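Subject: Structure handover and notes

Dear colleague,

I am passing on the structure below, together with notes on what turned up when it was examined. Please read the notes with the model open beside them.

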Amino acid sequence: MEASVIHPFAPTTEDIFRYRYQHGTNLGSIFVLEKWLHRSMHEKGSNGSSELSAVTQSLKQNGLEATRLKWERHWQSALNEADIDWLKNVARCNSIRLPIGYYTLGPSFCAKTPFEGEPAEVYASAWNSVKKIIEDCYHHGIGVLLDLHALPGGANTDSHSGTDSGKAELWKVDHYLSIATECVTFLLLEVASNKMSNVIGIELCNEPSWGAASEVWKWYDQVLTLANEIDPSIPIYIGDCWNLPATLDYASKRNTFGTADTPLPNPVIVDSHKYYTFTAKDHSQSPQQIITRVKNSLGVVSQKQGNIFGRKTAVAVYIGEYSCTMDAKTWNKVNSSERPALTRAFGNAQSEKWQSKTSGSAFWTFKMDWMDGGDWGFKQQVKTGSVLPPVGLTLTKSDIISKSERAQAQKKNLRDTALSQHVGHWKKTAPSQKFEHWRYENGWDLGFGDAMAFFCARINGTIPDTHQEAGGDKIGALELWIRKRMVSTGQLTSTFGWEWEHGYRKGVRDFYQVVSI
């Protein structure tokens, strides 16, 4: 699943899949069942709401063969050609977040877990179904985040950890942690050996409990060391334990530049989930107050971005789950006739905030028995205009060609103006100091060129586009991408690497201003 690149120093297919802004949705309750989303997978008499409850009751009533066939049909129907066409050409998605369980990787991962024995046999072909989804998405230019949503023992107490135990035992049982580590190892090796160019990252676990944070950090350290040995290029996504500032601090320590003797460590992206419907604070507020909260959110992210040369690290945040759902107590504070417009304003505020402050987002969720899903449904919220794609992804092939030609025509004047302003500023500010302004110019050139490469990736063939519907991508994980570029261009060895960084950022901004995205 590889594509050619324009020249050796251009962003590769993997680069663009992994570092562009990720606009998408969760595939949802496919490989990790939740009863409220897919009641049809639970037989009568299934008392719990988890995957294990559903599969155990089906085995009891229908036997292994019938259960396996039912589960396989569920996986195989998860993302058909019409679904992919809608995601790409209506919702304008360029990625999906795909929740899977440890049992999804096959029976061998179920030993000494609640899925051991007959339940494990149901999942003999589950990983092949995952690979089919990845392959199908690749041919339409859609990236896939592999999210280890359910791990043995549970990363949290909820049933989406795979069982109804109500316990978060992953962090207390060495055997469970060992299996979790084996799962990550398996995924890293599969992605690398099968050249899955469109796997945008591996998420180590979903919504780890804040109460277990010290154990979580310790396990993250172990797994990140392992990932760096297997494939240091693939982004690793980590759940924020419902504490974004603390997890950003952790990621900042991991996203260093490495040393001269070691490759750049895996980029670590923090996954933060944003819901406004579960807490007492949510219930006490009106829809308008919650919308204001969204608009004022993520200030901590801005505080930790910029000046990579000075910080010697970088951070990126991904909103792995969000919805347009607010509690009945919130809606009771306004007239029911206001609800459609306020829901749209709520979704628009989230779309705008995620696109301006994060490396990507994924709505919860796409597939469920009760399509189109209401306030929880991606399809419904796209239809009503609540969830908006980045402007670039709505552009046609002819739009991209004309805009990129305009940018190319203006490139020299833009660069000359930017360089003149930069040089003039420092002549005035520090007239007797020596600088290396050529670094600013080189940085500007590469920033402008990289922004162009991401924008034109589909029409250039760097990203596959089966139906040539195009769409222009932006650099999403910009801080981490600049980190990668600073290392590859040797900026860290100079006192004036900051000039290169300033130039690079200006080149990116100038390109986006010309093409209006």
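Predicted model: local features only at pLDDT ≥ 70, side-chain atom pairs only at ≥ 80, totals over all residues.

Trp500 and Tyr504 both belong to helix α19 (residues 497-515), where they are four residues apart, about one turn of the helix; helices here are DSSP runs of H or I of at least four residues, strands are runs of E of at least two, and both are numbered from the N terminus. An α-helix has 3.6 residues a turn, so residues three or four places apart point the same way. The two rings of Trp500 and Tyr504 form a stacked aromatic pair, at 5.1 Å centre to centre with 25° between the planes. For the terms, rings of Phe, Tyr and Trp (its six-membered ring) pair if their centres lie within 6.5 Å, and planes under 30 degrees apart count as stacked, over 60 as edge-to-face and the rest as tilted. Trp500 counts as buried because its relative accessibility is 2%, and Tyr504 counts as buried at 0%, where buried means under 20% relative accessible area, exposed over 50% and partly exposed in between (1.4 Å probe, protein chains only).

Residues are numbered from 1 along each chain as its sequence is written, and side-chain values use heavy atoms, with hydrogens and water left out.

**Other rings and charges**

A search of the whole structure finds 38 aromatic pairs, and one aromatic cluster is formed by Phe31, Trp75, Tyr102, Tyr103, Phe115 and Tyr123. Two lysines are placed over rings: the charged end of Lys379 sits over the ring of Trp86, 5.2 Å from its centre, and that of Lys474 sits over the ring of Tyr512, 4.6 Å from its centre. The criterion is that NZ of Lys or CZ of Arg is within 6 Å of the ring centre and within 35 degrees of the ring normal.

**Helix packing**

Helix α18 (residues 478-488) packs against α19 at an angle of about 135°, with the axes 11 Å apart, and the two are therefore oblique to each other. Helix α16 (residues 397-429) and helix α17 (residues 437-455) pack at about 160°, with their axes 10 Å apart, which makes α16 roughly antiparallel to α17. Axes are lines fitted to C-alpha atoms, for helices over the stretch in contact, and angles run from 0 to 180 degrees between N-to-C directions; those under 35 degrees count as roughly parallel, over 145 as roughly antiparallel, 65 to 115 as roughly perpendicular and the rest as oblique.

**Backbone points to check**

A cis peptide bond, with omega about 10°, joins Trp364 and Thr365, and Thr365 is in the loop between β8 (360-363) and α15 (378-383). The peptide bond from Met371 to Asp372 is also cis, with omega near 15°, and Asp372 is found in the loop between β8 and α15.

Lys112, a residue other than glycine, has a positive phi near 55°; Lys112 lies in the loop between β2 (95-101) and α4 (118-121) and counts as exposed at 63% relative accessibility. Asn307, likewise not a glycine, has a positive phi of about 55°, lies in the loop between α11 (299-303) and α12 (308-311), and is partly exposed, with a relative accessible area of 44%.

Best regards
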